[in-house]
Amino acid sequence: MPGAIPGRPGRTRRLVRGPRPEAVPTLVAGACALVGLLDIAAGVFPHFRHNRVHAVAEVLPGALGQFAAALSLGVGVLLLLLAHGLRRRKHRAWRAAVVLLPAGAVAQFAYRHSVIGTVISLALLAPLLRHQREFEALPDPRSRWRALANFVLMGACSLVLGLVIVSANENRMIGDPSLADRITHVLYGMFGFEGPVDYTEPTSWTVASSLGALGLLTSVTTAYLAFRPEHPAARLTQDDETRLRALLAKHGARDSLGHFALRRDKAVVFSPSGKAAVTYRVVCGVMLASGDPIGDVEAWPGAMERFMDEAKAHSWTPAVMGCSKTGGEVWTRETGLDAHEPGDEAVVDAADFSLAGRSMRNVRQMVKRIERAGYQTRVRRIRDLGEGEPDRIRRAADDRRGTDTERGFSMALGRIGDPSDGDCPIATAHKADEIPGLHGDLGIERISLDFAMFRSAPARGEKIGAGPVLRAWRGLLVFLSRWFPIESLYKFDAKFSPRREPRFVVHGSSPGLPRIGFAALQAEGFVNLALPRPLRRRTPAPRPCPHRVTERGVSAA
């Protein structure tokens, strides 16, 4: 059986379990968020005067209350921001929490005179210090563009929180300021100026200090993100690409998606022997691989182990899109992950394809319509394109797509006409008066049309005898087809009578599926979180690949 793993007597495989949500980091993150909310509440709402430790607080310097309120507010916001990093076991989040928790405890006691709030803040230090080794995950790839996102989000949150602070002391306001006056007061206060809202003393100083803390927090975090050393996401190096091409030349015939491992927005991990590799891209904390591993099937476990080790080191969620049945079996056996079949790949065998027969009537009509319009098809290699033709093909692909967002990740190369892709076949349509090429002159054995997501549900749901659950599921998919190519794709594929090869999604625990699904939608281009065009870096945009064919089993774009 192609792709099967022969047994090796005496060999013991090490089962690499996928990283599951750890109890300690999850509990600590939840407690950190709770303490952050308590600190924010202590800084926002007036402190209680009827407290047993009020007599102790009376001997503190008079101005300490105002500054402690600002400190409590700032610490609370930062702890909320750190909770996500603690849940993902990030070491830098742990270090920051260890510093901030005592500061929050001091603020709780000095401003709100709360023994309970102080004890809770300090009590959280115990599990943080005891389980320090649980928080050793490396940082994610980062970019200075996060500074802009931080400024917008923190600014908006600071504005809302500032309005709460201003309104929480309404009984000490002088007069009845309007909402516009309150917003103006918040904005002025965040920049350190007096606004139009007046309070009785000492509330005026407390509100001013808290608003100033929000503004300072926004500016400091934005400056830190803007000026910290940049660590961009990993990309294929020239050496990586050379090694991958060598593996594809030897083993690429087994998987039609293998060539797309050469996307240059992916990183790669190799097996210890160098005979297999897994390419991936990190999206929203998900380490997303696509297709089967590249290379010798016997060396797949070593590459998978490196993949899982990398995911664990960064606390990324591992997932694989579009692997074959053999790939899914090896992934689940070697890593302990689960696999599901969300759809299948439509493959046309060139030797068996024919336009004859009633089932191909619609395809024949399409062919005749194109011929009557004066077009013929040419199939060539990239290296055989004429001068200037790659640029014309790229422009045509851009015009057909009609958007800056390229759809495709697991089944798209992301470029056309690159000199390194000279062996890739490409199909183009030309007017008949141009010099035609030959049909089927490259020895192509099979053509992979596309991947049809959830194909079986619409197909089975429209048949007689389908149950209510299946019909309801089909109705939902038909509704979603307004935005995603679900029903239209499988109906288009059906015209060519292709054979279906199942493709699988490999993932960890079920609660992580929504996150993996969102990352996959973003990677495939259905969800675009990119910056507006005027704010993007001016780098050459990746180009789409309009066709995907397999030459003697080697996928090409």
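Me: Buried means under 20% relative accessible area, exposed means over 50%, and partly exposed is whatever falls in between. With that in hand, and remembering that this is a predicted model, why is Phe492 called partly exposed?

Reply: Phe492 has a relative accessibility of 36%. That value sits between the 20% and 50% cut-offs, so Phe492 counts as partly exposed.

Me: Phe492 pairs with Phe496. Why is Phe496 called buried?

Reply: The relative accessible area of Phe496 is 17%. Buried needs a value under 20%, so Phe496 gets that label.

Me: What makes the Phe492 and Phe496 pair edge-to-face?

Reply: Two checks here. The ring centres are 5.2 Å apart, and the limit for a pair is 6.5 Å. The planes then meet at 65°, and anything over 60 degrees goes down as edge-to-face, so that's the name this pair gets.

Me: How many aromatic pairs does a search of the whole structure find?

Reply: Four. One of them joins Tyr280 and Trp316.

Me: What makes the pair of Tyr280 and Trp316 tilted?

Reply: The distance is 6.5 Å from centre to centre, and pairs have to lie within 6.5 Å. The angle between the planes is 50°. Stacked would need under 30 degrees and edge-to-face over 60, so 50° leaves tilted.

Me: Why can we say that this pair ties together separate parts of the chain?

Reply: Look at where the two residues sit. Tyr280 is in strand E4, while Trp316 is in the loop between helix H11 and strand E7, so the pair links parts 36 residues apart in sequence. Ring pairs also link Tyr280 and Trp316 with Phe307 and Trp331 in a cluster.

Me: And are Tyr280 and Trp316 buried or exposed?

Reply: Tyr280 has 6% relative accessibility and Trp316 has 4%. Both values fall under 20%, so both residues count as buried.

Me: On to charges. How do you know that Arg245 and Glu241 form a salt bridge?

Reply: Side chains of opposite charge can pair when their charged atoms come close. For Arg245 and Glu241, the N to O distance is 2.9 Å. The cut-off is 4 Å, so the pair qualifies as a salt bridge.

Me: Why are Arg245 and Glu241 said to be about one helical turn apart?

Reply: They're four residues apart in helix H10, which means a separation of about one helical turn. Their labels come out like this: Arg245, at 24%, is partly exposed, whereas Glu241, at 5%, is buried.

Me: What makes Arg394 and Asp391 a salt bridge?

Reply: Their closest N and O atoms are 2.3 Å apart, and the limit is 4 Å. Both residues lie in helix H14, three residues apart. Arg394 is buried with a relative accessible area of 16%, and Asp391 is partly exposed at 38%.

Me: What makes the contact between Arg263 and Ala412 a polar contact?

Reply: A polar atom of the Arg263 side chain lies 3.0 Å from the backbone oxygen of Ala412, and the cut-off is 3.5 Å. Arg263 is in the loop between helix H10 and strand E3. At 4% relative accessibility, Arg263 counts as buried.

Me: Why does Phe454 count as partly exposed?

Reply: Its relative accessibility is 31%, which lands between 20% and 50%.

Me: Last one. Why is Gly104 called buried?

Reply: Gly104 has 0% relative accessibility, and the label needs under 20%. This glycine lies in helix H4. Leaving out residues up to four places away in sequence, Gly104 touches Asp39, Val75 and Ser121.

Definitions and conventions: Residues numbered from 1 in each chain as written. Predicted model: local features only at pLDDT ≥ 70, side-chain atom pairs only at ≥ 80, totals over all residues. Heavy atoms only, no water. Helix = DSSP H or I, 4+ residues; strand = E, 2+ residues; numbered from the N terminus. Buried < 20%, exposed > 50% of the residue type's maximum accessible area, 1.4 Å probe, protein only. Polar contact = N/O pair within 3.5 Å; in protein donor to acceptor, adjacent residues only side chain to side chain. Phe/Tyr/Trp six-rings, centres within 6.5 Å; stacked < 30°, edge-to-face > 60°. Contact = heavy atoms within 4.5 Å. Salt bridge = Lys/Arg side-chain N within 4 Å of Asp/Glu carboxyl O.
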